[in-house]
There are 2 protein chains.
Amino acid sequence: MLKDSNRQGIVISVDSMGGDNAPIEIIKGVAIFLKKNLDARVILNGDKQVLEKLCGENKIFDRYEINHCPEAVAMDAKPSTAMRKKDTSMWATIEKLKTNTADAAISAGNTGALMAISNLQLRTMEGIHRPAIAALWPNPRGTHSVVLDVGANVDSDPDQLVEFAIMGEAYAKALFGIEKPTIGLLNVGSEDVKGHDDIREAMRLLREHGNTLGMDVYGFVEGTDISNGTTDVVVTDGFTGNIALKSAEGAAKLFANVLRQSLKSGPFAILGTLIASAGFNKFKSKMDPRSSNGGLMLGLNGLVVKSHGSTDAKGFAYALQVAYKMARSDYRNTIRDNVKRLIEIKQATK
Amino acid sequence: MLKDSNRQGIVISVDSMGGDNAPIEIIKGVAIFLKKNLDARVILNGDKQVLEKLCGENKIFDRYEINHCPEAVAMDAKPSTAMRKKDTSMWATIEKLKTNTADAAISAGNTGALMAISNLQLRTMEGIHRPAIAALWPNPRGTHSVVLDVGANVDSDPDQLVEFAIMGEAYAKALFGIEKPTIGLLNVGSEDVKGHDDIREAMRLLREHGNTLGMDVYGFVEGTDISNGTTDVVVTDGFTGNIALKSAEGAAKLFANVLRQSLKSGPFAILGTLIASAGFNKFKSKMDPRSSNGGLMLGLNGLVVKSHGSTDAKGFAYALQVAYKMARSDYRNTIRDNVKRLIEIKQATK
C-alpha cells in the first residue's frame, strides 16, 4: 500500500482504462517506465481483475497498487456527462492527486473529460483564469519546443495569453533545464503590425509584463517557426494551437506514408532501403512521434499529463517520463511566484 | 503588341520583379509555361532592359510583351505604402487586369501589398464582404484540397465563412473538375458541439444556406483532416488558415531535413539511398512543394494568383498553370450566381 505521508520517490496515478489501446498498452508502458525509474511507483486505476493479470504478464511485481474502478470514461463521452460519474478510472486517477496520495496523474483518455474532471477536482491555481494544455513539438536541435494552449480553451483573451507564457516558461525551465527560455507569440507574420487587435494587445502586455518578470520575449513567430525551433516556448490560443498541431501532425503523416509507398515501388527502391536501414532507423528515432507524447495540463493545483489517445506502450512510457520529471521539479512554484508578481504589477499600475 | 479586343488565347500579366528570386526565376518559369501552353501569352511588367536580356537568354522570342515599370514593391514594404505607388511592376500587373488587357495576373511579391493593390484596383465582387486567398494542399489521393482563407484576413465572421465556402467550392469545381466538391469547416473537433460560438454559428449558416445552394457540406474537420483529404474544400478564417498552412509547411521541412541528414549518416545509408534513387525521386515528385504553388485570390473582380515568394522557375510555372486553367473557367460566374442566390435567400428569410 502506498501511503500519502512520508512518501519517498515519485508516485504516479495512472488511468489504466483510458485511451484507444487501454489497458494493454498502458500497462506495458508502465512496465517500461518502472524498469527505468527505480524510485517511481504507480497507482493503477481500473478494473482490478484485468489489471492484475496484465501486471503479471508484464512482470510488474512491485512498486504498484491497483485501485479498483468499475467504470471507464468512453473516448466519445461528453465532458459534462463524464464529470458527473465518480466511479470511473479517470475520476479516481485525479482523486489520488487531490488527496495527495500521488505526485502526478496521467491519462490517455478523452481529453475534454480529463480537463473537466481535473478542473473540478483540482481547481485552477490562484490568479490563473484558465488552464492550458502544453504540447511538445520536435525541432531541428533534436529537442522540443513547448506549445500552448493546444486545446484546453476555444478562445483566449490577451491576459490569458500572458498567463500561458508564464506557464509555458516554467514548463520549459523544468523539463529542459533552460535557464531563460525564449518566448514567441504565434501570429500570421513576425512584424509587430501583423495580426488582429487581440494578438497585438497580447504582445504589448507580454512585452510589458515579461520585461518586469525577467522573461525573454522574442516577439511574434509564424507557423513555420514552430518546427524551426525559433523559440523555446510558443504561446497561442487553444483554437489556433490545436489546429496548428493537428495540421502539422497530418502533414507529417502524409509525408511518411508517401515515403513508405515510394520506397516500395520497385526492386531497387526496396533493396536500397534495406541497405540504408541504419540511416532510416536514425530518421525514425529522431522523428518518432511517440517521443513527443505527453501534453501537460498547466494552471491546475496538481500535475496532470495527457497522453495521446492512440499511443502505444513506448509512447505512454514517454508521457510517464514527462510526468515523472515534472513531479521532481518545482514548476508550480515558479508559476505561482510569477503570477503573484503579475497581479502586484497590475495593481500597482492601476 | 497584345490587344484588349478580339483577344485569342489566354493573356497573363506577370509581375516580373516580385519574389525572392525575381526576375531570373520568374522569366525562367514563364519560359517553361509558354512552351507548354501554345495559346498563352504574357505581359511582363518590370525593368525593360533586364527583362529583354532575360527573355533572350531563356529563348522567349514571341507571345510576350514587356511593360516597362521603373519600380518594384519591396518584399517588406507596408501594404499601405505600396498601394500608393503607381509606378511599380505590381501595380502595373494588376492594372492590365483592370483594363481588361489580360485575363489573369500573377505575382510572387509581397502578399499584403498584392492584396491591397488588387483590392484597390479591382474591388471585391458584389455581395462579397472580403476577398480570401485559397491555397492548394496536397492529399493522399495525389491531388490537392482547396484551403481558404490562408491570410487575406485576420478575422472573419460566420457570414464571411459562408462566402469563403461558396468561393472555395467554385475554385475546386473549376480547377479539378469536381462536380460537387465536399466542404469542411476547420475546427478543434469534428462533433457539432465543438469550438467557439462563432464557428458553430458558421456551421449552422453553412448547413442552412449550403443546402439551398446545393452544396455538399460535410461538417467540421480537424487539422489532421486537411492532409488526409477528408474534404475537397476546407474553410477557415485567415488567421487560423495561415498558421495551419505554415505549421504544416514547417513540419514537412523539418521532416525532409532530418531524412536528408539521416541518409548521409554512414556509407551504407549513402549507398542504399543511391540504389533507391528511383523510389526517392517518386517521393520527391509526389511531395514537391512547388506543385502546390499558386494561391488564388478569390472574391475580386479579376483573377489574381499569388505565387510563393521563395519559389523557383518550376514552382512559378506551376502557379502560372493555375492562372491559365482558371482563366479558361467560369469560376467567377459560379461565385456570382451563388452569392446572388444567397442574398435572395437572406432577404426572403428576413
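Tutor: Begin with chain B, where strand 7, helix 7 (residues 197–213) and strand 8 form a right-handed β-α-β unit. Keep in mind that this is a predicted model.

Student: How do strand 7 and strand 8 of chain B pair, parallel or antiparallel?

Tutor: Strand 7 of chain B and strand 8 (residues 216–221) of chain B pair in the parallel sense, over 5 bridges. To find the place, look at B:Leu185, which stands opposite B:Phe220 in strand 8 of chain B.

Student: What about strand 7 and strand 9 of chain B?

Tutor: Strand 9 (residues 233–235) of chain B also pairs with strand 7 of chain B in the parallel sense, over 3 bridges. There, B:Val233 is the bridge partner of B:Ile183.

Student: Is strand 7 of chain B buried or exposed?

Tutor: In strand 7 (residues 182–186) of chain B, 5 of the 5 residues are buried, so the strand is largely enclosed by the rest of the structure. B:Thr182, B:Gly184 and B:Leu186 point one way, B:Ile183 and B:Leu185 point the other way, and all are buried.

Student: Let's switch to chain A. What is the strand order in its open sheet?

Tutor: The open sheet has 11 strands in the order 3-2-1-4-11-10-5-6-9-7-8 (chain A), and the pairing is mixed. Strand 3 (64–68) and strand 8 (216–221) of chain A are the edge strands, each pairing on one side only. From one strand to the next, the twist averages 25°.

Student: How many bridges join strand 1 to strand 2 in chain A?

Tutor: Strand 1 (residues 10–15) and strand 2 (residues 40–46) of chain A run parallel and are joined by 6 bridges. A:Ile10 stands opposite A:Ala40 in strand 2.

Student: I clicked on A:Asn45. Which strand is that in?

Tutor: A:Asn45 is in strand 2 of chain A. Its relative accessibility is 0%, so A:Asn45 counts as buried. The side chains of A:Asn45 and A:Asn67 are joined by a polar contact of 2.8 Å.

Student: What else does A:Asn45 touch?

Tutor: Not counting residues up to four places away in sequence, A:Asn45 touches a list of residues that includes A:Ser13, A:Asp15, A:Leu51, A:Cys69 and A:Lys96.

Student: Now the backbone. Which peptide bond is cis in chain A?

Tutor: The bond from A:Ala22 to A:Pro23 is cis, with omega near -5°. A:Pro23 is in the loop between strand 1 and helix 1 (24–36) of chain A. In chain B, the bond from B:Ala22 to B:Pro23 is cis too, with omega near 0°.

Student: Where does A:Asn100 lie?

Tutor: A:Asn100 lies in the loop between helix 4 (89–98) and strand 4 (104–107) of chain A. A:Asn100 has a positive phi of about 65° although it is not a glycine. With a relative accessible area of 43%, A:Asn100 is partly exposed.

Student: And B:Lys59, buried or exposed?

Tutor: B:Lys59 counts as exposed, at 65% relative accessibility. Phi of B:Lys59 is also positive, near 55°.

Student: Last topic. What rotation superposes chain A on chain B?

Tutor: A rotation of 180° with 0.0 Å of shift along its axis does it, with an RMSD of 0.0 Å. That is the relation of a two-fold axis.

Student: Why do you say the copies meet through the same surface?

Tutor: Because 100% of the interface residues of chain A are also interface residues in chain B.

Note on methods
Residues are numbered from 1 along each chain as its sequence is written. Chains are lettered from A and ligands numbered from 1 in the order in which they are written. This is a predicted model: local features need pLDDT of at least 70, side-chain atom pairs count only at pLDDT 80 or more; totals for chains, interfaces and linings use all residues. Side-chain values use heavy atoms; hydrogens and water are left out. Copies are superposed by least squares on the C-alpha atoms of residues with pLDDT of at least 70 in both. Contact means heavy atoms within 4.5 Å. Two strands pair if DSSP finds at least two bridges between them. Helices (H or I, at least four residues) and strands (E, at least two) are DSSP runs, numbered from the N terminus. Axes are lines fitted to C-alpha atoms, for helices over the stretch in contact, and angles run from 0 to 180 degrees between N-to-C directions. Buried means under 20% relative accessible area, exposed over 50%, partly exposed in between (1.4 Å probe, protein chains only). A polar contact is a pair of N or O atoms within 3.5 Å; within protein, one must be able to donate a hydrogen and the other to accept it, and residues adjacent in sequence count only if both atoms are side-chain atoms. A crossover is right-handed if, with the strands pointing away from the viewer, the path from the first strand over the helix to the second runs clockwise.
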